[in-house]
Amino acid sequence: MQLAAAGSFLTLLQDDIVLIQTHTHSILQIVLLNLDHRDTVVSNAWLETLLSAIDALPKETIRQEILSPLVSKAQLSQSLQARLASCRILGKVACKFESPIVKKDLLPLVRSLCQDVEYEVRSCMCRQLENIARGIGLDHTKAAVLPELVELARDEGSTVRLAAFDTIINLLEMFDSDDRTRVIFPLVKTFCEKCFKADEAVLASLSFQYGKLCHGLSASFTEEQHLWFLEFYKKLCVLGLQHENGHSDNQVYPLELESKYALVRRNCAYNFPAMVLFADPNHFLTELYPTFSSLCNDPEITVRRTMAEGFHEIVKLLGPNVHFIHKELVVLLQDDSLEVLDALLSHLQETLELATSRGEGPGPESKLIVPELVPALAAAEQKAALSLRWRVHERLLQRYACLPRVVSADQIYFRFLQRMFAIVTTNNVLPVQREAARTLCMFLRYNRKQEQRQEIIGKVLQELAQGRSYWNRLRYLDLCEIAMELFSKAYFCKHFLIQALELVNDPVANVRYKLCHMLPQLRSTIRLPADKHLLQQLEFCVRKLLCREKDKDVVATVRKTVLELDKMDITEPYHKRHERDLLDQKKEKEETLLLEMEQLERQQSEAKLTSEKHTEKKRRDSKTGLSGTKGLSGSTSGATLSTSSGKELRKAKLARSRSLSSHPATPKMANPDKTLKVKDSGSCPGKGKNLLPMNADEALRSHHFSVAAASSVLSPTPSASSMPVLIRSNTTNTLVDHPHQHQHRSSTLDHRSTNGSKDTQSRKLSIQRKSNSFGMQSGRE
């Protein structure tokens with residue numbers, strides 16, 4: 001009843017339900033009266049009501065109704081509970097008055113309570129010194145508050161020393177550099193040393209405030225003092241694990257002491273980002289990396305979980321040196337405890353993006369994250385899937401949507417895509433299935449390889465849209481809802497819409513029911529007049545449902561859907577439709593850009609492959625060129641001789657052709673010596689100079705003529721193989737004198753060549769062999 005009354009009176013004051021005057025004369029007196037209640041819980045509840053009421057009460061009311069009786073209640077003759085309440089009231093009203101009033105009226109009471117015989121009162125008053133210092137201002141803090149803090153910091157009670165330590169840390173900005181160097185630093189150093197050696201209970205609070213302490217004093221530290229605080233932090237991080245000399249500690253601690261040491265290490269893990277900033281991120285590898293690795297591999301789950309919670313802050317601070325902690329990122333992803341993985345998931349996307357984008361250091365450590373990160377992510381998903389905490393699995397799949405910006409498309413395709421399909425088709429938890437479908441769509445959205453995209457879409461249609469289980473077909477409709485959010489209208493209509501509309505014939509009513517709910521969304525993706533055929537198909541589906549549907553739930557849903565479809569173009573405001581069109585255009589531009597990037601990457605890869613082949617060819621040619629230079633120099637003289645003999649042979653053939661053209665050949669040549677004389681007379685240099693140069697066709701004919709002459713010399717009776725060539729030479733020589741005869745013979749020759757094209761090839765080969773032998777013989781003569 002007392003607790004309810006205290007809460008009700010506070011509500012009356014805070015919500016301005018009654019006037020301040022009414023509250024002062026009626027309610028405030030009841031509150032002050034119940035401060036001395038014998039039950040501590042009740043008195044504390046009324047005290048909280050009074051402290052909250054001080055913010056709304058006027059100064060004059062506070063002076064008359066609260067401060068006047070406070071002087072008597074702060075005396076040693078009063079109860080412990082009354083003196084503790086006086087300490088808290090003094091700290092609250094100090095901010096309501098000006099500095100002279102606080103110094104004159106409140107400061108004597110503060111000093112008296114700081115020297116109380118009970119350590120609870122001294123500790124309580126010490127924690128209120130922060131408000132007192134802010135109330136009297138910077139000028140009087142050094143003279144009035146700092147001596148009291150120094151004395152309380154050396155108190156015999158550990159709770160009093162701890163309160164003094166916390167207050168000093170909170171007031172560091174109010175002390176000048178000289179006070180920090182001469183007073184605060186020796187005091188804090190002594191406090192830390194005493195706590196580390198004798199007072200484990202205070203170490204927990206000290207370790208929790210350590211980051212704030214180092215930053216508050218860092219501007220006044222010398223290099224030696226800076227190093228001392230850093231080394232002390234390293235000792236706290238391995239407290240309970242190792243001796244100061246670094247050797248393993250085999251001592252078995254009591255369970256209570258072990259839990260205190262674990263709390264100290266957890267607080268150190270909480271302050272680690274602040275200590276990275278204190279030690280300078282550029283010196284992380286030499287100063288703090290061993291400590292960081294120790295905390296990430298700590299035997300206590302709470303310590304590793306705290307490191308995982310602040311991992312993204314460390315990644316931000318390290319910047320280009322983020323590759324130093326790639327190994328620990330993989331270690332936390334592969335941690336045995338699911339709590340550690342859950343803590344890492346809160347900022348996993350930010351952590352992965354920063355770790356991969358800035359991991360370009362010169363050392364080999366920066367390259368290890370690429371092969372090790374993907375297996376660690378896959379193992380983390382498997383671990384979450386095997387556990388009973390499906391919400392962690394769902395969050396993990398949600399964070400994996402950022403993988404296209406972290407790893408390559410091939411790694412996603414071969415390591416994660418099949419797993420997403422397996423989750424969508426086999427998992428028993430619906431939220432996990434839907435999140436896997438969303439991640440699958442993200443993988444498809446940012447995949448740059450057209451072959452892989454087509455294969456993914458084909459697999460979606462085969463395993464989901466045309467799946468044997470109705471559960472998979474329902475998941476296809478879920479995937480369509482996600483695809484409408486991620487893809488442009490044109491892309492969705494091209495790849496997903498028709499298969500969704502075909503589910504109107506599904507034998508299971510649940511699938512048709514869900515399709516009916518989605519019809520307005522599907523209609524919004526159709527753009528007219530380009531997609532008029534799709535609109536006709538959708539209207540056909542609606543008519544089919546209206547005419548043939550037998551399930552009552554589906555029929556009722558179809559009727560509602562028809563009304564929504566009729567109102568879609570009328571009720572929707574123009575600005576919303578315009579915003580949706582602009583968003584769709586943006587999506588379509590992004591998809592076009594991805595296609596262009598794919599083509600550009602393909603061209604670059606082809607150019608790179610071509611350049612590599614060219615370089616390899618040059619390398620092979622250079623090797624073979626060195627070995628072939630000797631053979632080339634040795635065959636130079638032989639090549640010149642063969643060239644000269646070849647020229648003489650060609651001249652002999654040309655002379656024979658000229659002799660045949662000047663003296664018509666007859667079918668029967670009785671004396672071969674005459675033919676030799678004709679050849680010798682036709683090869684005289686005077687006649688060769690007077691001839692006009694021949695074109696390509698004439699050169700070809702002269703070659704045939706020389707072949708025919710050689711065959712006629714070898715055999716007095718012309719053979720069947722030499723007859724077409726002789727006919728061709730005669731027709732050429734009589735072209736001017738007998739045009740009609742030439743036409744008749746050329747037609748006969750064409751007829752023969754078309755009928756016996758296969759035989760002429762073999763005949764030409766034999767003639768060439770004979771001509772070569774004849775040329776050699778004539779050369780000897």
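The model is predicted. Helices H17 and H18 cross at roughly 120°, Ile423 is buried, and the disulfide count is zero.

**Packing of H17 and H18**

- Two packed helices are described by the angle between their axes and the distance between the axes.
- For helix H17 (residues 289–296) and helix H18 (residues 301–309), the axes come within 8 Å and the crossing angle is roughly 120°.
- On the H17 side, the contact is made by Phe292, Leu295 and Cys296; on the H18 side, Val303, Arg304 and Met307 take part.
- Five of the residues in this contact are nonpolar and one is charged, with no polar residue.

- Ile423 belongs to helix H26 (residues 417–426).
- Its relative accessibility of 2% places Ile423 among buried residues, since the cut-off for burial is under 20%.
- Leaving aside residues up to four places away in sequence, Ile423 touches Glu381, His393, Leu397, Val432, Gln433 and Ala436.
- Glu435 is 12 residues from Ile423 in sequence, and their C-alpha atoms are 9.4 Å apart.

**Cysteines**

- A disulfide is a covalent bond between the sulfur atoms of two cysteines.
- The model contains zero disulfides under the criterion that paired cysteine sulfur atoms lie within 2.5 Å.
- Cys124 illustrates the result: the closest cysteine sulfur to its own is that of Cys87, at 4.5 Å, which is too far for a bond.
- Cys124 is buried, with a relative accessibility of 17%, whereas Cys547 is exposed at 67%.

**Backbone features in loops**

- Most residues other than glycine have a negative phi, and most peptide bonds are trans.
- Pro529 is located in the loop that lies between helix H31 (509–524) and helix H32 (532–548).
- The loop between helix H15 (272–279) and helix H16 (284–287) holds Asp280.
- With a relative accessible area of 29%, Asp280 is partly exposed.

Definitions and conventions
Residues are numbered from 1 along each chain as its sequence is written. This is a predicted model: local features need pLDDT of at least 70, side-chain atom pairs count only at pLDDT 80 or more; totals for chains, interfaces and linings use all residues. Side-chain values use heavy atoms; hydrogens and water are left out. Axes are lines fitted to C-alpha atoms, for helices over the stretch in contact, and angles run from 0 to 180 degrees between N-to-C directions. Helices (H or I, at least four residues) and strands (E, at least two) are DSSP runs, numbered from the N terminus. Contact means heavy atoms within 4.5 Å. Ala, Val, Leu, Ile, Met, Phe, Trp, Tyr, Cys and Pro count as nonpolar, Asp, Glu, Lys and Arg as charged, and the others, Gly among them, as polar. Buried means under 20% relative accessible area, exposed over 50%, partly exposed in between (1.4 Å probe, protein chains only).
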